[in-house]
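Please keep the sequence and the structure in view while reading.

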Amino acid sequence: MTANTIRFDFRSDTVTRPTEAMRAAMAAAEVGDDVFGDDPTVNLLEQRLAAMTGKEAAIFVPSGTQSNLLALMSHCGRGDEFIAGQNAHCYKFEGGGAAVLGSIQPQPIEHRADGTLDPAAIEAAIKAGDNHFATTRVIALENTYGGRVLPVAWMAEVAEIARRHGLGFHLDGARAFNACVKLGMDIRDFVMPFDTVSICLSKGLGAPVGSVLAGRADLIETARRNRKMLGGGMRQAGILAAGGLYALEHNVARLAEDHRRARALAEGLARHDGLRVTMPDTNILWVDMDRELGERLTPYLAEHGVGITGRYGQQRWVTHLDVDDAAVEGALAAVDAFFRNN
Ligand SMILES: *Cc1c(COP(=O)(O)O)cnc(C)c1O
């Protein structure tokens, strides 16, 4: 299935295209050479995110992957270790970048059924004071995790462990704004316990490119040096940052619409025997089914212009700016037709 044949695109919230208004803001952006610190629009975006998150500083980077890598490299030196979930994006979905480019070893921890990591398991995995071990330097959490909002009290509990052991504390908050909209919580309070937080502008917020890493000034300064080393120093990047500023202004509160549509999809899909739907917290919906059913349903949806991802036994549906109520209805109509005819 190519993008051209997809009418209803639920593959990811990264597929959004900038609106006319966002493009106009980008075209009008004041720019300068950001490697010299001269781009006023990038500077404004960094200041705005730092203020919103209550952190000392922030840095605009090309991707969430680079943002997480920079965070880990700020917390760790060569041969150090980070603790993260077995399915954490920064462990499993970033090409091993921390190990390859940062010489940082991962210590993955199994997730519990609710998506959290057992604080006792985290604490047991912390290593120090023995030459056999890589030295643990940072704990990295992810929230939302697979679209699920993990408890704020749990983050605070892990923060206490990090503090007790003198470790850094990083949040992969690619979709932190989705969590905050769901919780009705200020992002500042949500990310309070963390030394660094990575936020994607190019997911549900609808900007075409970019993430921001916010955190303690010394860590962000190190990240700025490493961003240059990794080839992430961009020049007139204000064109891109303007899309991010526009997104922060216009596309945060409306994430509630994505959450509402994910729920509408969930309710529509749950009407069918054979589809085991997990009610979504935010904009990502997981649907489990027997493999045999998936092997027929997923290609059928592809043939009928409905884009999703996942394995045959588990589908992932993601709502975003570019799917409206009509898209939800259209996709559900295709699913209904499948079950009528099969
Ligand atoms: C998408 C995502 C990233 C990485 O962002 P890219 O811009 O795709 O590199 C990191 N963490 C999580 C949880 C994500 O969903």
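Predicted model: local features only at pLDDT ≥ 70, side-chain atom pairs only at ≥ 80, totals over all residues.

Which element gives the most to the lining of the largest pocket? The largest pocket has a volume of about 930 Å³. It is lined by 42 residues, and those closest to its centre are Tyr145, Gly146, Gly147, Trp286 and Arg316. Two or more lining residues come from each of the helix α3 (64–75) and the strands β7 (196–200), β10 (284–288), β12 (309–311) and β13 (314–318). The answer to the opening question is β10, which contributes 4 residues.

The lining of the largest pocket can also be viewed by domain and by residue class. Domain 1 (3–15 + 254–341) and domain 2 (31–250) each supply at least three residues to this lining. By class, the lining comprises 20 polar, 11 nonpolar and 11 charged residues.

A search of the whole structure finds 2 cavities of 30 Å³ or more. The largest cavity holds about 80 Å³ of space. Its lining consists of 14 residues, and Gly85, Ala88, Ala140, Leu141 and Glu142 are the ones nearest its centre. The elements giving two or more residues to this lining are β3 (80–85) and β5 (135–142). The largest share, 3 residues, belongs to β5. In the lining of the largest cavity, 9 residues are nonpolar, 3 are polar and 2 are charged.

The second largest cavity contains about 40 Å³ of space. Among the residues that line it are Ala174, Arg175, Phe177 and Asn178, together with Cys200, Lys203, Gly204, Leu205 and Leu255. This lining divides into 5 nonpolar, 2 polar and 2 charged residues.

The structure holds 4 aromatic pairs. In one of them, the ring centres of Phe338 and Phe339 are 5.1 Å apart and the ring planes stand at 90°, so this pair is edge-to-face. An angle over 60 degrees is what places a pair in that class. Phe338 and Phe339 also belong, with Tyr300, to one aromatic cluster.

Phe339, at 21% relative accessibility, counts as partly exposed.

Conventions. Residues numbered from 1 in each chain as written. Heavy atoms only, no water. 1 Å grid on protein atoms, 1.4 Å probe; cavity = no way out; pocket = protein on both sides within 12 Å on 5 of 7 lines; lining within 4 Å. Points joined across faces, edges and corners; volume = space filled by probe spheres on them. Nonpolar A, V, L, I, M, F, W, Y, C, P; charged D, E, K, R; others polar. Phe/Tyr/Trp six-rings, centres within 6.5 Å; stacked < 30°, edge-to-face > 60°. Buried < 20%, exposed > 50% of the residue type's maximum accessible area, 1.4 Å probe, protein only. Domains from an automatic or database assignment.
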